[in-house]
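Welcome! Please take a moment with the sequence and the model shown here, and then let us walk through them together.

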Amino acid sequence: MTRTIQRAEVKNKDTARPFRRQMSSRMFGFLMALPSILALAALIAYPLGHLVYNSFFRVSRFSPNVAPRFVGLQNYVDVLQDRYVVAACGNTLLFVIASVSLAFIIGLAIALLLYQPLHGRILIRALLLSPLMIAPVVAGLQWRWLFTDQYGVINAILEHLNLPGPLWLADPRFAMISIIIVGTWTSFPFVMLVLVSGLAGVPEEMIEAATVDGAGYWQRLRYILLPLLRPTILVILLIRMMDAFRVFDTIYVLTQGGPGVSTETISTYAYRLAFSNLDFGSAGAMSIMGVLLVTLLSVLLIRLLGEREEMQL
Amino acid sequence: MNRIIQNVRIAFAVFIMMAGCLGIVQAAAQTGETIAVAVQAGAPEVVIYQELSKAWEEQTGNRIEWVEIPQQNMHDKLVIEFSSRSGAIDATAISEPWLVEFAASGYLDALDDRISDEDRADFGFNLLTKLSYDGKLYAIPHYMFAPVLYYRTDLFEQYGLRKPTMEEPLTKEEFLAAAQAMTNGDVFGTIVEANRNVPPVHHMIEYIYREGGQIIDENRQPRVNEPPAVKGLQFMVDLVRKYKVAPPGALGFDHVDNHTLFSQGKLGMAINWPYAYSIISDPKQSTVSDKFAIALPFKAVKTTSIVGGYSLGLVSSSRKKDVAWDWIKFITSTEQLYNLRKRNFAPPVRRSELEMLQADPTLSQAQREALEVMLKAVENGTPVPSLPEWNQVSDRLSIALQEAVSGQKSPQEALDAAQEDIEKILSR
């Protein structure tokens, strides 16, 4: 009886989780991830696919009963021939390069400062994170009041210092500078936060050993800290670049792409095409080209920062 | 302690449930329908509508949910909403340049079967024709305007300048001379609006119209780079860059900055919409409430302004059209329009409304004179072109305006580029 029971127990144990045993672990993992995959498909893959599809059609808005017309690559041709698209691409690249570089430099400088044993560094870090917690639209509105030439705080301060206050938002030479300032202000806390975490992971023994060997601050920074932080820096630059490419809220609130088209970017122009003109075909074509551009830049960045890592290994 | 915390939790849960039940009971107690009306956020007349509409809500038991949209976003948001055909909005305020676009796109219901003959006859100034497309009426006017010249009477006296009259408005040369005379460190002679928005484009079009130019002719051909148009834009640019009689921040200004600066005493003259009259004449909002008057805009080849207005339309995707129409009829009735006009001074749209205003003993002499000027400006006014593609054309003109005023291009270059792009827009 006992042996039968034992055999039955063994048999039951074999079949206790028959489903799990029959299925491979890979399939099981896939099934567990399926809800997330479906959500991503609905939120990303479908809209992206629809966007690509629309980019090959032209809708006649003023004949709502007429079906969209297939035009092949005509929307792409029109976009490439549009003088304002060239301006938008140039402005976008300028904003990306300038704001990402500045945010990185400022974020790194502050992270290195907070790496030192300072009194109150936790409080300082918390205060410096505040731009990250403000919605971009709200930040844009705040800065609009700061930049305004007639009643703005910045020009009022400059006036007290007997310095000429430029037309921050109304002068084409300064409008993009203003956008870059705001973009840098909203994004440096992210850089600082990630680098602080990265610095916390640097082995202290290496720093101490270098110090004992006579390495100065800049040598430690250049030959130890920065190389060890390279993977973190790559992630920061990739994320910041993709974010900067998508800049919209700040520009929409501050300048609406003006003066003229001096602050028009890919996002703002695509928005105008899609939601002011309801020209989803051209907007789709422009958006796809933007995606290709940012993909190309990301690949270049990875190759640039990734290659040296392989060489070191 | 645990018991106290537990009791607090239970009490909180009961409170939440009761609040929820109260909401359900209140919702159930409402007997009428709720309609959604899209209006321009922050517009002075909207606040008045909301107050006046309370009477309709009490009479009918219906409710209005106000969908307030900032002016610069209103067109885009309405287009997205109406093209989705969700039925979330039942009635909407419409700026006149959008009427043809919305009607052609099928966003609005025709109103010919709803409006009475009596009401048709009562609306003046050919307004119902302007709000028609393809022979059908699509909106009911409630606000009509043509910009006028606001000027500082004290500064005109101080500098010995001729005050404009109805028969003899300022000439262009007199306007410039007055602006130059009044410009000192604290005050600018006038203002130019050039931010990337619709009202500044309308002002630019006015400058072009005053030189005898046009934007689109009757054959749908753009004419924006012809000499009169270039002359009009050149004058605007010169006011900022050459004569320096307008604040240099023109690229950031719109009509709100215009009335704000005038109310603060920073401007000698300003061409602005009639809505600003109520603000500038209010001592609580203006430092020059007793030191200004209005006149027709200056005359180059002719004196004219853009004549436009806001109207109310019935959204074609609405599921409560009868209720929405009932509200539109109420708010555009003679009595309610008269109440609106008393608090937000502007030209009347109905003949009966004009009669009520003229018979109103509380209207001051200054207001009567202002009303006469506003009506004359409407009579002299020229509408913007009626095109389904007007929003795109207007946006393109905005770029040209900014390029010229910022000095990136000369007015001729800016308008040449605009001409080319507008031809493409109209031929797509």
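A salt bridge is a side-chain nitrogen of Lys or Arg within 4 Å of a carboxyl oxygen of Asp or Glu. Some ground rules come next. This is a predicted model, where local features need pLDDT of at least 70 and side-chain atom pairs count only at pLDDT 80 or more, while totals for chains, interfaces and linings use all residues. Residues are numbered from 1 along each chain as its sequence is written, chains are lettered from A and ligands numbered from 1 in the order in which they are written, and side-chain values use heavy atoms, with hydrogens and water left out.

**Where the chains meet**

Contact (heavy atoms within 4.5 Å) involves 32 residues from chain A and 36 residues from chain B. The buried area, meaning the accessible area (1.4 Å probe) that two parts lose on being put together, summed over both, is about 2,700 Å² between chain A and chain B, and carbon and sulfur atoms give 46% of it. How many salt bridges does the rule find across the interface of chain A and chain B? There are 4. A:Glu264 pairs in this way with B:Arg196, their closest N and O atoms being 3.1 Å apart. On the side of chain A that touches chain B, the elements that give two or more residues are helix H4 (74-81), helix H5 (83-115) and helix H14 (266-276) of chain A. Of these, H14(A) gives the most, with 4 residues. Helices here are DSSP runs (H or I, at least four residues), numbered from the N terminus.

**Salt bridges within the chains**

Side chains of opposite charge can pair when their charged atoms come close. Over all chains, the structure holds 29 salt bridges. Here are some that stay inside one chain.

| Pair | Closest N and O atoms |
|---|---|
| A:Arg173 and A:Asp171 | 2.7 Å |
| B:Glu174 and B:Arg162 | 2.8 Å |
| B:Arg220 and B:Glu389 | 3.0 Å |

To describe how covered these residues are, buried means under 20% relative accessible area, exposed over 50%, and partly exposed in between (1.4 Å probe, protein chains only). A:Arg173 is exposed at 62%, whereas A:Asp171 is buried at 13%. B:Glu174 is partly exposed at 28%, and B:Arg162 is partly exposed at 32%.

**Inside the protein**

A nonpolar core is a set of buried Ala, Val, Leu, Ile, Met, Phe, Trp, Tyr and Cys residues joined through side-chain atoms within 4.5 Å. Which residues of the largest nonpolar core touch the most other members? They are B:Met269, B:Trp327 and B:Leu397, in a core of 143 residues. Helix H10 (residues 227-241) of chain B gives the most to this core, with 8 residues. Apart from it lies another core, of 64 residues, including A:Leu229 and A:Ile233.

Leaving aside neighbours within four places in sequence, B:Trp327 is in contact with residues including B:Ile35, B:Trp56, B:Trp66 and B:Leu312.

Finally, visit helix H4 (residues 96-104) of chain B, where 9 of its 9 residues are buried. Among them are B:Trp98, B:Glu101 and B:Phe102. Just after H4(B), B:Gly106 takes a positive phi of about 80°.
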